[in-house]
Amino acid sequence: MVSTFDIKINKIAKSRVSEYDVNNVPFGKCFSDHMFVAEYADGKWQKAYIEPYADVPMSYATSALHYGQAIFEGMKAYKNANNEVSLFRPLENFNRLNKSALRMAMPEVPEEIFIGGLIELLKLDEAWVPTSDTGSLYIRPFIIATDEAIGVKSSDTYKFIIITCPAGKYYSEPIRVLVETNYFRAVHGGVGFVKAAGNYGRSLYPTKLAQQKGYQQVIWTDSKTHQYVEESGTMNLMFVIGDTLLTPELSDTILSGITRKSVLALAHEWGMKVEERKISIREVITAHGNGTLQEAFGVGTAATIAQIITIGYEGKDYDLPAVETRKFSNRVDETLRNIRKGKGPDTQNWMLKVS
Ligand SMILES: Cc1ncc(COP(=O)(O)O)c(C=O)c1O
């Protein structure tokens, strides 16, 4: 196993950070000074290094490009008022990446490489972590199959890479979502419960159709009956109906979100009634009709809480209560922000300090 001491570091000659206002850059387009890379060959992780972020030469025959052996994670680092950098629940991402690796017949990454490499990278690129209230450094760890070979088989070589980019708030406006009853995101026995690249590619066309109808995202339903809601876009889905927080129970068609897990933990801590179970779209529409549907929102690393203002279903729009009236999701949003920014008590020990 590679320990953190084996990471070779090649530092950039001059940081590019002063060329940007990291609190104010478009999301996902401006990358920090360095990247972490580990290489897998001959049945083991061989070497790990950090080098300046740059394009790399790659063969067009690289197997990840053809057969989709590509998995990734999404996580964030935050800066507190003392300029200290912390990660939110990084072991959860580490474990989930390895779950994805197993399902996609790819090698798991040891903790020394994932967490060790990430910490070294963040130490070098601390200046890229935004200081603004809603700012964070988005972290993209991923593994790709790197065999230069045409032919469907699992690759013999892989790269585990981490790149990072500053992020402001992802969705600032409440979103309109369309319940998708034709296409589906995931199927039993498939790969919906892991972060495989192909899950995202397949979602783009239905999302584009929904956007042409004036919605920002879709609500995915189960592939067999299209009666039960599963996720919204790339977020887990939650409702407050009456005095109960409801979310679809985990299955092999739903990604086990770290934000979902954290929101549920806070709800339990606050003594809220919580139900993780199958939720039919009919139940949601009925609750809307009798006035008990108080809140609907997506939860995920990108947005934390994405408020849903309208649900479109079978040609009809159902408008939800104003965002300001939503007690639970607003409280969760603020609590998570405070924990991450070191402004509120981290009662569940979620933050891992880097600097
Ligand atoms: C399909 C899908 N569901 C849910 C989530 C939310 O997961 P997390 O809270 O870990 O970001 C994500 C984002 O990673 C996702 O891609």
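In this predicted model, a polar side-chain atom of Thr259 is placed 2.6 Å from an oxygen atom of the ligand, and a polar side-chain atom of Thr301 also lies 2.6 Å from an oxygen atom of the ligand. For Tyr200, an N or O atom of the side chain is found 2.5 Å from an oxygen atom of the ligand. The protein covers 96% of the 380 Å² of accessible area that the ligand has on its own, where accessible areas come from the Shrake-Rupley method with a 1.4 Å probe and, for residues, only the protein chains shown count as cover. Two or more residues of the shell around the ligand are given by each of β12 (235-241), α6 (258-269) and β15 (293-300), helices being DSSP runs of H or I with at least four residues and strands runs of E with at least two, numbered from the N terminus.

Residues are numbered from 1 along each chain as its sequence is written, and side-chain values use heavy atoms, with hydrogens and water left out. As the model is predicted, local features need pLDDT of at least 70 and side-chain atom pairs count only at pLDDT 80 or more, whereas totals for chains, interfaces and linings use all residues.

Conventions. Polar contact = N/O pair within 3.5 Å; in protein donor to acceptor, adjacent residues only side chain to side chain.
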